[in-house]
Amino acid sequence: MASNKANTGISLNQQSSFSSSGKQVPAALSMMVDSMTSMLERAKTDIENADQRARADLENIDQRARKDVALLDQRAREDIQKVDKKARNDLAILDKRAREDHELLRKVRKSRGLTS
């Protein structure tokens, strides 16, 4: 005669699930897979967040670098203008002295009766 008794080896707290192939998978293995899947999803999210932060940081660094280069360029242009102005003043002084020396030499030659 067939027995209709329930299997007493399985308690109510035990869970069993089935894989896609239809085989029974122990609850602990299923929980482990779920946990690993969750960890992988969190890791992926963390990597995406880190990537976004890195991109934002790079953008900020790029903007600061561009501002620094613009400031250095402006300062260099100002320095070049100062050097150019000083050089022009120095040339004007040298030109004036050369003209004065030329005039003095012309007067000396004239007074000595030398012409050329």
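1. How many residues apart are D95 and R99 in helix α1? They are 4 residues apart, so about one helical turn separates them. The two form a salt bridge, with the closest N and O atoms 3.0 Å apart. D95 is partly exposed, at a relative accessible area of 38%, while R99 counts as exposed at 57%. The model discussed here is a predicted one.

2. The overall layout is brief to describe. The protein chain has 1 helix and 2 strands, and from the N terminus on these elements run β-β-α. Helix α1 covers residues 27-111, which is 85 residues. From its first C-alpha to its last, α1 reaches 123 Å, close to the 126 Å expected at 1.5 Å a residue. After α1 comes G113, which has a positive phi, near 80 degrees.

3. The mean pLDDT of the protein chain is 85, with 77% of its residues at 70 or more. Among the elements, α1 has the highest mean pLDDT (95) and strand β1, residues 16-18, the lowest (53). Over residues 6-14 the pLDDT stays under 50, and the model has 1 contact beyond four places in sequence for this stretch. Where pLDDT is low, the predicted coordinates should not be read in detail.

4. Burial and surface come next. Of the 116 residues in the protein chain, buried residues make up 1%. The accessible surface comes to about 11,400 Å², and carbon and sulfur atoms account for 56% of that surface.

5. The count of salt bridges comes to 7. One of them joins the side chains of R55 and D51, at 3.0 Å from N to O. R55 and D51 lie 4 residues apart in helix α1 and are therefore separated by about one helical turn. R55 is exposed, with a relative accessible area of 57%, whereas D51 is partly exposed at 35%.

6. Another salt bridge is formed by D62 and R66, whose closest N and O atoms are 2.9 Å apart. D62 is partly exposed, with a relative accessible area of 31%, and R66 is exposed, at 59%.

7. A nonpolar patch also deserves a remark. L29, M32, V33, M36 and M39 make a nonpolar surface patch of about 450 Å². V33 has its place in helix α1 and is partly exposed, with a relative accessible area of 42%.

Note on methods:
Residues numbered from 1 in each chain as written. Heavy atoms only, no water. Expected span 1.5 Å × (residues − 1). Patch = residues over 30% accessible without salt bridge, like charges linked within 9 Å, V, L, I, M, F, W, Y side chains within 5 Å. Areas by Shrake-Rupley, 256 points an atom, 1.4 Å probe, with all protein chains shown as cover. Salt bridge = Lys/Arg side-chain N within 4 Å of Asp/Glu carboxyl O. Buried < 20%, exposed > 50% of the residue type's maximum accessible area, 1.4 Å probe, protein only. pLDDT = per-residue confidence, 0-100. Contact = heavy atoms within 4.5 Å.
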